[in-house]
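Here are my notes on this one, in the order I'd go through them on screen. Have a look at the fold first, then read on.

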Amino acid sequence: MPSPIIKVRDIAFPRYQAPDLDEMETFLHTFGMVTSERTEDALYMRGTGSNHHVHVTHRGPAAFLGFGFFASSTDLEVLAQAMGTTVEKSTEPGGGDVVHLTDPDGRTIDVFANMDQVAPLPLRAHAPLNVGADRPRVDVLQRVAPGPSQVRRFGHSAIKTTSLATLAGWYANTLGLITSDDMYFESPESPMGRFMRCDVGDSPADHHSLLVLETGEVRLGHCAWEVEDFDDLMGGREPLFASGARHYWGVGRHILGGQVFDYWKDPLGFTIEHFTDTDLLTADVAPAASSVFDGINQWGPNPPDDLDF
Ligand SMILES: [Fe+2]
């Protein structure tokens, strides 16, 4: 396989468009994000981690626009030259250097370096768990403070396309994403889905930053943010239910990726996910393949019939 143009370090954030930024901001607070910056026409939400933002919404008709990724300064120069464009100074909150691209389906792909970092936020922590033979909590009462989930970072997205080979090939060749798992109906030679992760060598990467699904249409499947832990995921359901947010699917544990998941609908009707305890892989783990009929979950409910995720 030819070397990719660059290897991105991580996926950074998804970019949406919504007519009502107030409604989106209120919802995202309940979902567990914190306002990082708000401009006249856009909303930048952060998590508890050091990334300046993990969710962006521009004012406009409801739409999903694309993604930001992080790469090194050197890779930005390489990418710009290879793609026939230039490295620009970002004019958005968080600043940094950026290369603007478009994927084969028309999503806006912005690759950033040197974006501002923010100080991590203090966490509502809880006492350690007494699990199995490991029972470290003695004379300490377990009290999980109520409140929205604590979103740490953006984790991954599932995107639907008309050509898995074209789209997955572009992310592999351009941004250096590598295959964690393929999914197929009949034969591993004809995959219909590909879980792709960042190649960060010996460092651990989330099992997938992107899941590319060939479904006959170009659209968003879902976006997913990592929360602090299992209690944080479960406790964060209460404010969402109380707000009238629409729950979609969960709680369960996926097979591919291994995460504990819980899916909701945002005010635009897009599917969004809280997850925790993802599988982490280094770059030398070989690609695997499995049948879609092997199932999606280790435990938890089946997906809704409309499969809108
Ligand atoms: Fe997911």
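1. Contacts first: two residues are in contact if their C-beta atoms, placed from the backbone, lie within 7 Å. Among contacts between residues at least 6 apart in sequence, 65% join residues at least 24 apart.

2. Some housekeeping. This is a predicted model, where local features need pLDDT of at least 70 and side-chain atom pairs count only at pLDDT 80 or more, while totals for chains, interfaces and linings use all residues. Residues are numbered from 1 along each chain as its sequence is written.

3. Overall dimensions. The chain has 309 residues and a radius of gyration of 19 Å, which agrees with the value near 19 Å for a compact globule (taken over C-alpha atoms; the rule is 2.2 Å times the number of residues to the power 0.38). Along the principal axes, the C-alpha atoms fill a box of roughly 60 × 50 × 40 Å. As for burial, 43% of the 309 residues count as buried (20 or more other C-beta atoms within 10 Å of the residue's own; exposed means 12 or fewer, partly exposed is in between, and C-beta atoms are placed from the backbone).

4. Secondary structure comes to five helices and 20 strands, which are DSSP runs numbered from the N terminus (helices H or I, at least four residues; strands E, at least two).

5. The sheet to look at is an open one of ten strands, ordered β19-β10-β11-β13-β9-β14-β17-β16-β15-β20, with mixed pairing (two strands pair if DSSP finds at least two bridges between them). β19 (288–291) and β20 (297–299) are at the edges with a single partner strand each, so one side of each has no neighbour in the sheet. From one strand to the next, the twist averages 25° (axes are lines fitted to C-alpha atoms, for helices over the stretch in contact; angles run from 0 to 180 degrees between N-to-C directions).

6. Now follow β16 (residues 260–265), where five of the six residues are buried. On one side, five bridges join β16 to β15 (residues 247–254), antiparallel, with F261 as the bridge partner of G252. That hairpin has five residues between its strands, and G257 in the turn has a positive phi of about 105°. Six bridges join β16 to β17 (residues 271–276), again antiparallel, and W264 has I272 as its bridge partner. This hairpin also has five residues between its strands, with G269 in the turn at a positive phi of about 95°.

7. Elsewhere in the sheet, β10 (residues 178–184) and β11 (residues 191–197) run antiparallel with six bridges, and T179 stands opposite M196. Helix α3 (residues 164–175) lies across β9, β10, β11 and β13 (210–214), at about 10° to β11.

8. What sits at the centre of the contacts in the largest nonpolar core? Of its 69 residues, those with the most contacts inside it are F69, A71, V111, Y171, M196 and V212 (a core is a set of buried Ala, Val, Leu, Ile, Met, Phe, Trp, Tyr and Cys residues joined through C-beta atoms within 7 Å). Its largest share, six residues, comes from α3. Beyond four places in sequence, the contacts of V111 include V8, F69, A71 and L101.

9. Finally, α1 (residues 21–31) has M24, F27, L28 and F31 buried. These fall within an arc of 100° seen down the axis, so they line one face of the helix (the arc is that of the directions from the helix axis to the C-beta atoms). They pack against β1, β3, β4, β9 and α5. Just after α1, G32 has a positive phi of about 115°.
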